[in-house]
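Okay, thanks everyone for coming. Let me put the model up on the screen and then walk you through it.

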Amino acid sequence: MVFYRAVPLNAQLGVENERDMGRAVFVDLKSGVLKVRRLQSTFAVCLRRKTVEWIRERLEEGAKLKLAFLGVERRRGKRGSTYGRLYVALVFAREAMPVEPKAIVAVDVNRLDHGVTAGLIVDGRIVKRLRLPDASIAKELRRLHKEISRLERQTAEEN
């Protein structure tokens, strides 16, 4: 779904008996109502039980309501565009814990005829090494390079 226009609005979340501070969007979980202001008139939407559960799950994760977007659905038809439903999207944010890597893959790239070396490093030690391409492929690459060089010289001498 794509909103024709999405307007960011400040929002407030009321879990128990918090006082309504008059923000553009007020979500009251106790009564299950979402109020939208800053339009011609204030309107209220009854929240479904699943929506209230979803919001409570976000709160248990440590998220906080940051803002809300008010969007209008745009329908494209044969006779032109019309506007459909009005949507309110709530934006929650929480602090994320940095992830500590268990292992690091290090890659050393030199000239192709020397190959590529990759290694798996765990706790500061190389656990596994891998050399790509192996010696036989490197030998074949050198042979092809020499053959291409010989053909280029031969073509230059003929011209």
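So, where is Leu-132 found? Leu-132 sits in strand E9, and by strands and helices I mean DSSP runs, at least two residues of E for a strand and at least four of H or I for a helix, numbered from the N terminus.

Quick housekeeping. This is a predicted model, where local features need pLDDT of at least 70 and side-chain atom pairs count only at pLDDT 80 or more, while totals for chains, interfaces and linings use all residues. Residues are numbered from 1 along each chain as its sequence is written, and side-chain values use heavy atoms, with hydrogens and water left out.

Back to Leu-132. Its relative accessibility is 46%, so it counts as partly exposed; buried is under 20% relative accessible area, exposed is over 50%, and partly exposed is in between, using a 1.4 Å probe and protein chains only. Leaving aside neighbours within four places in sequence, Leu-132 is in contact with Gly-115 and Val-116, where contact means heavy atoms within 4.5 Å. And have a look at Glu-18: 114 residues from Leu-132 in sequence, and 63 Å away in space, C-alpha to C-alpha.

Now the sheet around E9. Three strands make an open sheet in the order E7-E8-E9, with antiparallel pairing. Strand E7 (104-109) and strand E9 (125-132) are at the edges with a single partner strand each, so one side of each has no neighbour in the sheet. From one strand to the next the twist averages 20 degrees, with axes fitted as lines to C-alpha atoms (for helices, over the stretch in contact) and angles running from 0 to 180 degrees between N-to-C directions.

For pairing, DSSP has to find at least two bridges between the strands. E8, residues 116-122, pairs with E9 over 7 bridges, and Thr-117 has Arg-131 in E9 as its bridge partner. E7 and E8 pair over 6 bridges, with Val-109 opposite Val-116 in E8. How many of the 6 residues of E7 are buried? The number is 0, so E7 lies largely in the open.

Okay, over to the core. A nonpolar core here is a set of buried Ala, Val, Leu, Ile, Met, Phe, Trp, Tyr and Cys residues joined through side-chain atoms within 4.5 Å. The largest one has 18 residues, and Val-25, Val-27, Ile-55 and Leu-90 touch the most other members. Among the elements supplying at least two residues each are strand E1 (3-14), helix H1 (49-60) and strand E6 (80-93). Leu-90 touches several residues beyond four places away in sequence, including Leu-34, Ile-55 and Leu-67.

Leu-34 also stands opposite Val-45 in E4. E3 and E4 (residues 43-46) pair in the antiparallel sense over 4 bridges, and in their hairpin, with 6 residues between the strands, Arg-38 takes a positive phi near 70 degrees.

What about H1? Val-52, Ile-55 and Arg-58 are buried there. They cover an arc of only 120 degrees around the axis, which puts them on the same side of H1; that arc is taken from the directions from the helix axis to the C-beta atoms. The face turned away from that buried side carries exposed Arg-49, Lys-50 and Glu-60. Just after H1, Gly-62 has a positive phi of about 95 degrees.

Last one: Gln-12, in strand E1. Gln-12 is buried, at 10% relative accessible area, and its contacts beyond four places in sequence include Glu-18, Val-25 and Leu-65.
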